[in-house]
Amino acid sequence: MVSGPSLDEQAYVRDGATQTAVKILVVGHFAVGKTTFIGAISEIEPLSTEETMTRAAEAVDDLKGVQSKTTTTVAMDFGRLTISDRVVLYLFGTPGQQRFVQMWEDMARGALGALVLVDPERLADSFAVIDLIEQYGLDYAIAVNHFDGSPLRDERALREALDLLDDTPVVTCDARDEQSSAEALITLVRHLQDRAH
């Protein structure tokens, strides 16, 4: 009998470190870049449940503005990012389609906060996402995913359009870029620390 490598409770913890695990949701509407974001920043091979979109999904999912999309998340994405010797973030990416909303409630349990990815060309698609995060009582930050060719938006106009509180952080990021994605997560973590004090 061949046995594979075993994972013990320290398998994901750096040697000699005492770490606090922090569960963070990466949320957003359909096709906003959640899978790309987690893939760009995770220090481990991310778990991704991307599947090829079918004709049936095309009839249900709004492909306006993302006609070239060929895959979609059907369960969740998962990644990890160690931000210090003491703190490791476990990133849970939610599927963006309305039919998966029930799953969000389960994923929200135990989460400290959420990073809400927003497409500035499809702001209205973010309203239901923000409503859910607020319903679950999670603190959050907004990360505006800047897509190629899209104009940068004025932060004040974004805040007004999304009806955000003054203390809700808003940052622009490129979900494909590791450094940009890290800055968005750091903004969220600082916000969570400020809210805790």
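Which residue forms a salt bridge with Asp106? Select Arg109: the closest N and O atoms of the Asp106–Arg109 pair are 2.6 Å apart. A salt bridge here is a side-chain nitrogen of Lys or Arg within 4 Å of a carboxyl oxygen of Asp or Glu, and by that rule the count comes to nine.

Before you click on, keep in mind that this is a predicted model, where local features need pLDDT of at least 70 and side-chain atom pairs count only at pLDDT 80 or more, while totals for chains, interfaces and linings use all residues. Numbering runs from 1 along each chain as its sequence is written, and side-chain values use heavy atoms, with hydrogens and water left out.

Stay on the first pair and colour by accessibility. Asp106 is partly exposed at 42% relative accessible area, while Arg109 is exposed at 52%. (Buried means under 20%, exposed over 50% and partly exposed in between, with a 1.4 Å probe and protein chains only.)

Next, select Arg153 and Glu121. They form a salt bridge too, with the closest N and O atoms 2.8 Å apart. Arg153 sits in the loop between strand 6 (139-145) and helix 5, and Glu121 in the loop between strand 5 (113-118) and helix 4 (127-135), so the pair ties together parts that are 32 residues apart in sequence. Helices (H or I, at least four residues) and strands (E, at least two) are DSSP runs numbered from the N terminus. Both partners are partly exposed: Arg153 at 37% and Glu121 at 46%.

Now pick Asp119, Arg122 and Asp125, which are linked in a network of salt bridges. Between Asp125 and Arg122, the closest N and O atoms are 3.8 Å apart. Asp125 is partly exposed at 34%, but Arg122 is buried at 10%.

Move on to helix 5, residues 155-162, and look down its axis. Leu158, Arg159 and Leu162 are buried.

Together the four gather in a patch of negative charge on the surface. Patches are built from residues with over 30% relative accessible area and no salt bridge, with like charges joined within 9 Å and nonpolar side chains (Val, Leu, Ile, Met, Phe, Trp, Tyr) within 5 Å.

Key: Accessible areas come from the Shrake-Rupley method with a 1.4 Å probe; for residues, only the protein chains shown count as cover. Lys and Arg count as positive and Asp and Glu as negative; His and the chain ends are not counted. The place of a charge is taken as NZ of Lys, CZ of Arg, CG of Asp or CD of Glu.
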